[in-house]
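User: I would like to learn how to read local features in a model like this one. Please take me through them one by one.

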Amino acid sequence: EDYRGKKPLFVGVLNGAAHFMSDLVRCVHLPCMIDFISVSSYGLGSTSGELKFRKDVNTDLTDRHVIVVEDIVDTGRTLKAIAEAFADRGAASVEVCSLLDKKAHRKVDVEVKYCGFDYPD
C-alpha cells in the first residue's frame, strides 16, 4: 500500500540480502525494479568514516522511491551511510527493509521501516 502507483526500487545489499530479497519481491504485487549494491565501510564509527561502493546501483536514483534490503541490521552505521548517499543522489525517499533487526546493537539512529523479525540481544 505504501508504494501504490510509485514503482519502488528495491536495492539489495550483497551478499547477505540476496535470498531474502528474491523472496521478498515475489510477494510484492505491484510494479517494481530491483538492483544490488556491495559496500565496504571504513571507520564509520568515527568522523572520518567512509563508505566504499564495490558494486553500485545501475539505476539512476533521481526521484525514485528506494527500499534498501538487508539481511541483518546491527549497528546501523552502514545502512545510515547508504541512505544518506542515496538521498544525496536525489532519491525521493529511502526506506530500510530487513529480515532481522538487532535494535539492542544500534549505534546510530536508523529506522527499519519493514522488519521481518526483531532479534533480541
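User: Where is Asp63 placed?

Analyst: Strands are DSSP runs of E with at least two residues, helices are runs of H or I with at least four, and both are numbered from the N terminus. Asp63 sits in the loop between S3 and strand S4 (65–73). This is a predicted model: local features need pLDDT of at least 70, side-chain atom pairs count only at pLDDT 80 or more, and totals for chains, interfaces and linings use all residues. Residues are numbered from 1 along each chain as its sequence is written, and side-chain values use heavy atoms, with hydrogens and water left out.

User: What is the phi of Asp63?

Analyst: Start with the background. Most residues other than glycine have a negative phi, and most peptide bonds are trans. Asp63 is not a glycine, yet its phi is positive, about 60 degrees. Lys7 is also not a glycine and has a positive phi of about 50 degrees. Lys7 lies in the segment before S1.

User: Is Asp63 buried or exposed?

Analyst: Take the cut-offs: buried is under 20% relative accessible area, exposed is over 50%, and partly exposed is in between, with a 1.4 Å probe and protein chains only. Asp63 has a relative accessible area of 59%, so it is exposed. Lys7 is at 42%, so it counts as partly exposed.

User: Which peptide bond is cis?

Analyst: The bond from Leu14 to Asn15 is cis, with omega near 0 degrees. Asn15 is in the loop between S1 and helix H1 (18–26).

User: How many residues does helix H2 have, and what distance does it reach?

Analyst: The expected span is 1.5 Å times one less than the number of residues. H2 (residues 77–88) has 12 residues. From first C-alpha to last it reaches 17 Å, close to the 16 Å expected. Its buried residues are Leu79, Ala81, Ile82, Ala83, Ala85 and Phe86. After H2 comes Gly90, with a positive phi near 95 degrees.

User: What does Ile82 touch?

Analyst: Contact means heavy atoms within 4.5 Å. Ile82 lies in helix H2. Its relative accessible area is 0%, so it is buried. Leaving out residues up to four places away in sequence, Ile82 touches Val13, Ile37, Val39, Leu51 and Val68. Ile82 and Leu14 are 68 residues apart in sequence and 13 Å apart in space, C-alpha to C-alpha.

User: Which residues touch the most other members of the largest nonpolar core?

Analyst: A nonpolar core is a set of buried Ala, Val, Leu, Ile, Met, Phe, Trp, Tyr and Cys residues joined through side-chain atoms within 4.5 Å. The largest has 19 residues, and Val11, Ile37, Val66, Val68, Leu79, Ile82 and Phe86 touch the most other members. S1, strand S2 (33–42), S4 and H2 each supply at least two residues. H2 gives the most, with 4 residues. A second, separate core of 10 residues includes Tyr3, Val25, Ile67 and Cys97.

User: How many aromatic pairs does the structure hold?

Analyst: A pair of aromatic rings is described by the distance of the centres and the angle of the planes. Rings of Phe, Tyr and Trp (its six-membered ring) pair if their centres lie within 6.5 Å; planes under 30 degrees apart are stacked, over 60 edge-to-face, and the rest tilted. The structure holds 2 such pairs. Tyr3 and Tyr114 are tilted: 6.4 Å centre to centre, 55 degrees between the planes. Tyr3 is in the segment before strand S1 (9–13) and Tyr114 in strand S6 (residues 114–118), 111 residues apart. Tyr3 is buried at 9%, whereas Tyr114 is partly exposed at 24%. The rings of Phe53 and Phe86 have centres 6.2 Å apart and planes at 25 degrees, so that pair is stacked. Phe53 lies in strand S3 (residues 50–55) and Phe86 in helix H2, so the pair ties together parts 33 residues apart in sequence.

User: Which residue lies over the face of Phe53?

Analyst: A charge sits over a ring if NZ of Lys or CZ of Arg is within 6 Å of the ring centre and within 35 degrees of the ring normal. Arg89 lies over the face of Phe53, at 4.9 Å from the ring centre.

User: How many disulfides are there?

Analyst: A disulfide is a pair of cysteine sulfur atoms within 2.5 Å. The structure holds 0. Cys97 is in none; its nearest cysteine sulfur, that of Cys115, is 8.3 Å away. Cys97 is buried at 7%, while Cys115 is partly exposed at 34%.
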